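Here is a short briefing to read with the model open beside you. Take a look at the chains first, and then we can go through some details together.

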Amino acid sequence: MKWSEFFVTGEPLIYAADVAIVLTVIGIVFVLTYFKKWKWLWDEWLTTVDHKKIGVMYIISAVLMLFRGGVDALLMRAQLTAPNMKFLNSEHYNEIFTTHGTIMILFMAMPFIIGLMNIVVPLQIGARDVAYPYLNALSFWLFFVGAMLFNISFVIGGSPNAGWTSYFPLAGNEFSPGVGNNYYAVALQISGIGTLMTGINFLVTILKMRAPGMTLMRMPMFTWTILITCVLIIFAFPVLTVALALMTFDRLFDTQFFTMANGGMSMLWANLFWIWGHPEVYIVILPSFGIFSEVVSTFARKRLFGYKAMVYSIVGIAFLSFIVWVHHFFTMGAGAAVNSVFSITTMAIAVPTGVKIFNWLFTLRKGKIRFTTAMLWSLAFIPNFVIGGVTGVMLAMAAADYQYHNSYFLIAHFHYVLIAGTVFACFAGLHYWYPKMFGHILNERLGKWTFWLFMIGFNICFFPMYFLGLMGMTRRMYTYSEGLGWTPLNVVASVGAVLMGIGFIVLCYNIYYSARYGERDMTGDPWDGRTLEWATSSPVAHYNFAITPEVKDLDAYWEMKKSGKGFEIDEEKLKPIHMPSNSGRPFLISIAFFFAGFGLVFKWFWLAIIATIFIALGLILRSFDDDDGYYISVDEIKRTERLSGKGA
Amino acid sequence: MGANHHHETFPWKHIVGFILSLVLTFIALWVALSSGWTIKAILGVIVTLAVLQAALQLFMFMHMTESDSGRVQTINMLYSFFIAVVVVAGSIWVMWFVL
């Protein structure tokens, strides 16, 4: 292989990216060396098994990926703003919409949600860590190297270009001979393993590690949604694992599972992809519902309306999410009977979702509403998500879908549910729980600027797309001719995209500004919260709770405050706390996964085999690992609690 | 955490399960690649082997018999069975038009 094939060449944009990557790496190495931070990085972050630090790393990665996916989106909007643009050629455009979709779903939405659940769930259930802290670190690092492997594709070897769905036969060797789609198959596989382990980890954590008194029906709504999400992950991700493995075999070893010839069945890929893909969208939306439930209830100063109905709706949505997948390919030709069944199951999902919408509205009714940034995101979610949901029901009608299918109407629909649902929730959750992560509050004024810029920009960007779709503009077209009359709405959409970009920049500035000048949270309970995470100090001590709280009510901490006691720590009752030890092995195993993946992408099997030996070695070492963790002494707990102002 | 993770005895169950899984896999591989049977016979045999191996792993690795709560296990198994039927039978039904 020649160097000119190994590195992507010939595009000025790519050369600029090469320079930026080299400069960034040099910058990071320089800063770490100059400030002598290498040991700090290793001890505090790379080897940590603390769920809060892992959560923070997930969120940092997610924000980086939001930047990457956002740049992709802006490049696409630049290309589509005017007819016959020559900004991106068709091949480059294909690569960019592919990486935009894959990154936004798998490397932005998923890690943002998983980051928040890492930080919040153990705190909400009164636990000191997750059930398997070591596994949790491995989950994160596998996700991270998967994301990095996927991201280097655009400078080394070439990006995948068959869409985030990577339908066969387009994604097969015959039509996509380069290494780009190998990246898709391998990188998603690696991060998928991490996600699957996260699902198992949190299912066990929630079922086994709740504080005494917290029955299932006293769990905070966010924890409930995560529990159900874990069930979805555990049952849906194996399908993706198998489908990606078959794809990898097809691409690397010339098997014929999804090919056109030799008995292969290309449409089976679409079928398997969406058996995973539909539960996947609920994996990112259910936790969002949980976040909104927490925020709405806190800032309306009311108990969540219809808690039980909410729980049953989540279970119902999760159940239905497994039997609707065909609505992604009504036009494939499965026939009237198949399409009708899946049309009906799809529309049925609107019922439990509607129940939840009304529950949020009734929670707000007669509430003492405080318009904080987190609350603004949650309030904006309701109407925006309903627009996405109603157009979803339109798409669910199989006969009508033949008109909407793969048009910009669909693009508008799923951005309305994914951005107004998941992205708004991530921002709401970020503002809401930020004090728990860093000990200070994100500036509210800048937060509201972000909100208004982003929310208005979002509507300006995506609302016109419904009409563009009805006017005949189809998905994934890289340019269009002048006479079609699509230009004005495309210009409007691009203006909206720029506003969203500015909103994101304000958010990043807010993170910097608040770290320097932000209001420190001395109380640990800045929003007058209701659930147990607000009973801890901000930032949270690494053992979370000096003594395990006792839960008597759904809003456990609210009940403690109402009964006048708060969450008092009786120093007499302190006992040494058992905590898991840090380990560098998850990080090192994941590095080996990276090289194994890289070897597979380029069919350098010697590299893949050597790296796999290191993975196996890591697993063997782990199984002979006798480290049972360590104890934090009572004296140290007392010191920490007094410093945070919680101890007596 | 805090629980004692050390097993008193050698994990025979896991070793036997692992070896049996390998044996079943290699039988399937042989049947598919070099048995020379009819396609229908090959499909029948490898599907049977797959079901056998799934059952084997449930008992050898997945602590099927070790839970204190039979109800949770029952719900788990019923739901898994439901999903398996949806995925397999559903896919066959959906893809029937090209089969």
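From the N terminus on, chain B runs α-α-α, where helices (H or I, at least four residues) and strands (E, at least two) are DSSP runs numbered from the N terminus. This is a predicted model, in which local features need pLDDT of at least 70, side-chain atom pairs count only at pLDDT 80 or more, and totals for chains, interfaces and linings use all residues. Residues are numbered from 1 along each chain as its sequence is written, chains are lettered from A and ligands numbered from 1 in the order in which they are written, and side-chain values use heavy atoms, with hydrogens and water left out.

**Chain B**
- Chain B has three helices and zero strands.
- Of its 99 residues, 19% count as buried (under 20% relative accessible area; exposed is over 50%, partly exposed in between, with a 1.4 Å probe and protein chains only).
- Taking contacts (heavy atoms within 4.5 Å) in chain B between residues at least 6 apart in sequence, 51% join residues at least 24 apart.

**Where chain B meets chain A**
- Chain B brings 18 residues to the contact and chain A brings 27 residues.
- About 2000 Å² is buried between chain B and chain A, with carbon and sulfur atoms giving 80%; buried area is the accessible area (1.4 Å probe) that two parts lose on being put together, summed over both.

**Salt bridges in chain A**
- Over all chains, the structure holds 11 salt bridges.
- A:Asp43 pairs with A:Lys39 in a salt bridge, their closest N and O atoms being 2.6 Å apart; the two are four residues apart in helix H3 (residues 38-46), so about one helical turn separates them.
- A:Lys39 is exposed at 58% relative accessible area, while A:Asp43 is partly exposed at 31%.
- A:Asp50 and A:Lys52 form a salt bridge with closest N and O atoms 3.2 Å apart, and both residues are buried.
- A:Asp553 forms a salt bridge with A:Arg303, the closest N and O atoms being 2.8 Å apart; each lies in a loop, so the pair ties together parts that are 250 residues apart in sequence.

- A:Glu280 sits in helix H9 (residues 266-299) of chain A.
- A:Glu280 is buried yet has no salt bridge, and the nearest side chain of opposite charge, A:Arg475, is 13 Å away (Lys and Arg count as positive and Asp and Glu as negative; His and the chain ends are not counted).
- Not counting residues up to four places away in sequence, A:Glu280 touches A:Ile105, A:Leu106, A:Met110 and A:Phe237.

Terms used
Salt bridge = Lys/Arg side-chain N within 4 Å of Asp/Glu carboxyl O.
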